[in-house]
Structure formats: C-alpha cells, structure tokens
Amino acid sequence: MCTSIRLMIFSIFVLSISLHAQNIVVIVNSENPIVNLSSIDLKNIFTADKAVWDEGNSIQLVDWKIATNVREQFYATILRKSPAIVRKGWVQKIVIGSIYPPAVLSSESEIIHFVATHRWAIAYIEKKELPSTVKTVTLDGRMSNDPAYQLK
Amino acid sequence: MRGVILIVVIITAFMQNVYSQDRTFDISGYIDVGVAWLGEREISVGDTMLSTTEGKFTFLTQRFNLLPSTEFGRFKVFANIEFSNGFSTEHETGNFQLFEAWSQYTISDALKMRGGIITTPFGVFNQIRDASPTHLGVLPPSVFDEGFEEVDFMPMYTNFLIFGTTDFGSIQLEYAAFTGNGKGVEGETSIDLNNGKDYGARFGIGFSDEVTMGVSAWKSGLEEYENNKKEEHTLYGTDFLLSIGNFEIRSELMPGFAVINGNKFFKATFFVIASHTMNETITPYILFDYLRDDAHIKLSHIQKRYSIGITYKPIWRTALKVQYVMDTYARPGVNDNSNIFMGISILF
C-alpha cells in the first residue's frame, strides 16, 4: 500500500516536471568566440567557480530575478543547488574581487538586451528566436534539438 | 604610502574607463550598520586588572566599503577601501583603511597572478574576514576577532600571489601560494628591510560540490623574542565545508602563537557554523567559537562563544541579521555574558 502511494506520488512528480520542462538555451554575446560549453563548465560559471573565459576576460553572469520555471529547471538540472546557496557564493566572490556583481534581471527581453550589449555576458532563457547580437552555445557538444540535450 | 597606492589605483581605473570602451569598469561595495545590547561584563584594565561594566545598548562599527575595479584584457585592478564610523580627515574622526589594492594577470582559472596589497588566502575565510555581507551573523566568527590581528598569529597581508582552481571530474583542486614582506618592514618609513620575507600556501580539495577541505601553512621571517633570540616560525590551519542542498557546515581551525614584549604566547581559534536556508530568504544558524589566548588577561586562557541567529534576505544583496551570543570564560571570577546583535548589510 505504502509502495503504491509512493509510486503514484513519484509519477505525479515526474509528470509535473515534464509538463513544465522547457527547452532552455544558453546564450552569449555574438562576439564571444565560445561555441560550446560542458555542463560542468556551465555549472562552474554560474556558481562563480569559473570566473574567466579562455581569453582571460571576466565572465559577466546574468540570472533571473524571479523564480520562473526556466530558473528552477536550470538550477535543478545544471547547478543542483538552490539560488540562495549559489548567491551566497557570489557575494563571497564579489567582495574579494573574483567576479563582478551578476546582473539579476526580471524579464527575458532584459536578459537578451543585457547579453547583446555586454561582450562577456552569459545567460539562459527559454528557446526562442534571437537577435543577431546574441547566439546560443551547444552544451556538451549537443544542440538544443538533440534528444540527449541536457536542458530539455 | 597606502594613500598613494589608493590614488594610483583609482586613477588607473578611471583612465582605463575613459580611454577605452572595450575596458570594463565597475564600482560595487557594501554598507554595514549594526546595534547591540551588551550584557554586564568584565573588561581588562591594564595588564593584570579586571573591572565590571554595566549592560548597555551600543552602535557597532558603521562601515562603508567601496570596491572599484577595472579590467583590460587579461589584466584586472581591484581595491577594497573602507570608511568607518563617520570618517573625516578634517575632524580626525573615524577610520580609513585600504584592505586590498592589487593588479591581477589571468592566464586561466587554473593560473592567476596577483601583486599589490593582498589579503592572504590562509584558510577559507581569511580573504573575506572583513566583509560583513559574507557572514550570516552580525559578528563574524572569532577567527577574525580584532584581538587576534597581530601578524605573528595570522598572516594578514601578502604581496605576490599565484592561485587557481581546476577540475578533475567531480574533484576540484584549489591552490594558492604567496610571498610578502612579512615583518621585515620598518614601521614608520615603510622601507623594506628585506630580512623578514614570509611565504605560505593553501591547498584545497573539493568532492562533488559537497565537501571541501583545505590546509594552509605560513612561514614568517625572523622573529625576535626571549632576549633577542631570532628564529623563523611556521603556522598551520585547516578549513572544512560541507554543503548538501540548503544545509551547510563550515569550520576553520587556526593554531599559532604571538610574540608580545619579547615573550611567546600560544594562540588558537576555531569555529564551526551550521546553517539551513529556507525559502531562499531565511537562514537560521548556530555558531560555536573557541578562542585561546595565553596572553589575554580576560580570556586566560579560553573563551567559548555560543551563537544562535537568523538571517533574512528579502533580496540577495540585502541581509537583515539577528544574533544572540553567549560568551563563557575559563578564568575563575569572570562571569558569562549574554549579548544581542542586530544588523543590516547591503551589497551594491
């Protein structure tokens, strides 16, 4: 009886995740030469453990201010930490000069505009058509339409 | 001397911003305001006496820190400048401190080089000991107690640093190696006597983002004590972080000694803090601090501090904090005391 209930709850949980799951893409400025990131690098970037691009320039983080489905899915899939824990790490890195204060924005249009105007910025959004000043990067060598793409 | 360095850093930062659109310039910082109710307590009077004071309400150190930085290619310049308690040169009030001012050359995350006035990466928290937004409590852990600032005990600053992090699968390695003037600087003139270079290193290893352990070592230059006897000495420290979901435990141990008036005294600090973050905004925590200072008349020789507190972050840059603190002392006749601290830290 107990096992059945657990199975039912788990099924509902999986169903709810799949219903809400969205195809998320990682975006950077089109002048950034990066074309691919590993999921480990992506995690390290957003936890501020990786602070610079290969060119030596500081990475400018952009994150969602509000708890959207996109943010929840990204944190659960890639970072596997809560926003509170991640942001505590940001604060420690900011005060010792390791990173610039991340831009925490409320809307998709704000995020896209920020990435378009900051050469070394990185963000994640729901998959959509993008302006030419912004491009997506592959994740672990996979494009967002790949069945094995991690942020589906 | 520090004033000159500060001016150079600021001018450099602005010049880089003015002359190149491709260069990044940023000023962030933090403000720290706090109050406390301090219970009845004994205070040290002179070298041997204690006196009891009544409980009182007081304001804590009011801080305003500026963090200017600029970046051009692989070079970065950064400073941490603190003004506290209504700083004024005209009225000679308050304090001004230059915590850090350095230039960094970045090859990659695995290899960075830094030169200037640098807080020493001795333990996890040493670099951030003065930055209130990084602490859950109003009072930082006792590792950073002002009574422990003698450089004999803990390396406060260094001048050249090589550091980095690198991943091997789920294992993360951190390293930092540094060298500086140590005690070989003539106090009044700041002339490097070049006879007290110190150097040290920290190595850390992390597993699956959940456990990080670090060890630090620091070897300082010639030290005079016991009738001008000279020797070098080495200090060691350890740090530990366990982070599972929203639950964290951090601790740090720093044994060492200080030389005061030609005599050598044992010192040590240890803290452990456990916290759990709820709803992204509320973090209750408990903190235990242990201090041993054989030269301190009141501690003589041990203070244990028990704290319980809560931090509320309505937004991630702002923290409202309440902390209840009870101090106990090993010395007979020195009573326990209870205190309540409240504060707000804003990062901008």
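Let's start at E31(A), which counts as exposed because its relative accessibility is 53% (exposed means over 50% relative accessible area, buried under 20%, partly exposed in between, with a 1.4 Å probe and protein chains only). This is a predicted model, where local features need pLDDT of at least 70, side-chain atom pairs count only at pLDDT 80 or more, and totals for chains, interfaces and linings use all residues. Residues are numbered from 1 along each chain as its sequence is written, chains are lettered from A and ligands numbered from 1 in the order written, and side-chain values use heavy atoms, without hydrogens and water.

**Salt bridges**
- The whole structure holds 15 salt bridges over all chains (a side-chain nitrogen of Lys or Arg within 4 Å of a carboxyl oxygen of Asp or Glu).
- E31(A) pairs with R119(A), their closest N and O atoms being 3.7 Å apart.
- R119(A) is partly exposed, at 32% relative accessibility.
- R87(A) and D63(A) form another salt bridge, at 3.0 Å between the closest N and O atoms.
- Both ends are buried: R87(A) has 8% relative accessibility, and D63(A) has 1% relative accessible area.

**Between chains**
- K88(A) meets E248(B) in a salt bridge, with the closest N and O atoms 2.9 Å apart.
- K88(A) is buried at 13% relative accessible area, and E248(B) is buried at 5%.
- Through shared partners, salt bridges also join K50(A), D109(B) and K112(B) into one network.
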